[in-house]
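Trainee: Could we go through this model together? I would like to begin with a single residue and then move on to the sheet and the surface.

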Amino acid sequence: MSELTLTVMRLGFLAVLWLFVIVAVQVIRSDLFGTKVTQRTATDRRGAAANAPTGRQQPPPQREARTQTQGGGRPRRGAPTQLVVTQGSLAGTTVALQGQTITLGRAHDSTIVLDDDYASSRHARIYPDQTGQWIVEDLNSTNGTYLDRTRLTSPTPLQPGVAIRIGRTVIELRK
């Protein structure tokens, strides 16, 4: 092997090594300083959780509302009507279920913004399927989403009263 080839290989290896170091530092920096979490009062939390985010694309509410309601626009008998935070910094927060996707995480545009060190920016989502059943899905979070002490690995149907745990926050679907 010639001296020129050996030098080019050494420089290429050095460039790849530096690229790895730079990417690793950026990941650590984004984990430490990436999402700015602002403190809000209890009334601000309830108001923000009741409104769907405007920055995220949502399924059309009319189509989803038909699967959730009967002829007069009322929820089906026995269908869950609200999502309630039972433990954590947002305990007592209630979100009305109106057929829209509900996102959970530390990101400021989440439906429920979790002020929890164990929550990812985009941690999980809860959405209705075509039959009106509510589904919970973990969005590849670091610490996982638990449904009644079982870690979610795929989208799973939700039953009313079953605890969804994200870090220190516990959420339930209620009628």
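Trainee: Is Gln100 buried or exposed?

Mentor: Gln100 is buried, because its relative accessible area is 12%. Buried means under 20% relative accessible area, exposed over 50%, and partly exposed in between, with a 1.4 Å probe and protein chains only. This is a predicted model, in which local features need pLDDT of at least 70 and side-chain atom pairs count only at pLDDT 80 or more, while totals for chains, interfaces and linings use all residues. Residues are numbered from 1 along each chain as its sequence is written, and side-chain values use heavy atoms, with hydrogens and water left out.

Trainee: Where is Gln100 found?

Mentor: Gln100 is in the loop between strand E2 (94-96) and strand E3 (102-105). Strands (E, at least two residues) and helices (H or I, at least four) are DSSP runs, numbered from the N terminus. A polar atom of the Gln100 side chain lies 3.1 Å from the backbone nitrogen of Gln98.

Trainee: On to the sheet. In what order do the five strands come?

Mentor: The order is E4-E3-E5-E6-E9, in an open sheet with mixed pairing. Strand E4 (112-113) and strand E9 (156-157) stand at the edges with a single partner strand each, so one side of each has no neighbour in the sheet. Two strands pair if DSSP finds at least two bridges between them.

Trainee: How many bridges join E6 to E9?

Mentor: Two bridges join them, and these strands run antiparallel. Val136 stands opposite Thr156 in E9.

Trainee: Changing topic, which value of phi does Asn140 have?

Mentor: Phi of Asn140 is near 55 degrees, a positive value in a residue other than glycine. Most residues other than glycine have a negative phi. Asn140 is in the loop between strand E6 (134-138) and strand E7 (146-147), and counts as exposed because its relative accessibility is 76%.

Trainee: And what is phi for Arg149?

Mentor: The phi of Arg149 is also positive, near 70 degrees. Arg149 lies in the loop between E7 and strand E8 (150-151).

Trainee: Last topic: which residues form the nonpolar patch on the surface?

Mentor: Among them are Leu11, Phe13, Trp18 and Ile22, and the patch has about 950 Å² of accessible area together. Ile22 is found in helix H1 (residues 3-33) and counts as partly exposed because its relative accessibility is 46%. Patches are made of residues with over 30% relative accessible area and no salt bridge, with like charges joined within 9 Å and nonpolar side chains (Val, Leu, Ile, Met, Phe, Trp, Tyr) within 5 Å.

Terms used. Areas by Shrake-Rupley, 256 points an atom, 1.4 Å probe, with all protein chains shown as cover. Salt bridge = Lys/Arg side-chain N within 4 Å of Asp/Glu carboxyl O. Polar contact = N/O pair within 3.5 Å; in protein donor to acceptor, adjacent residues only side chain to side chain.
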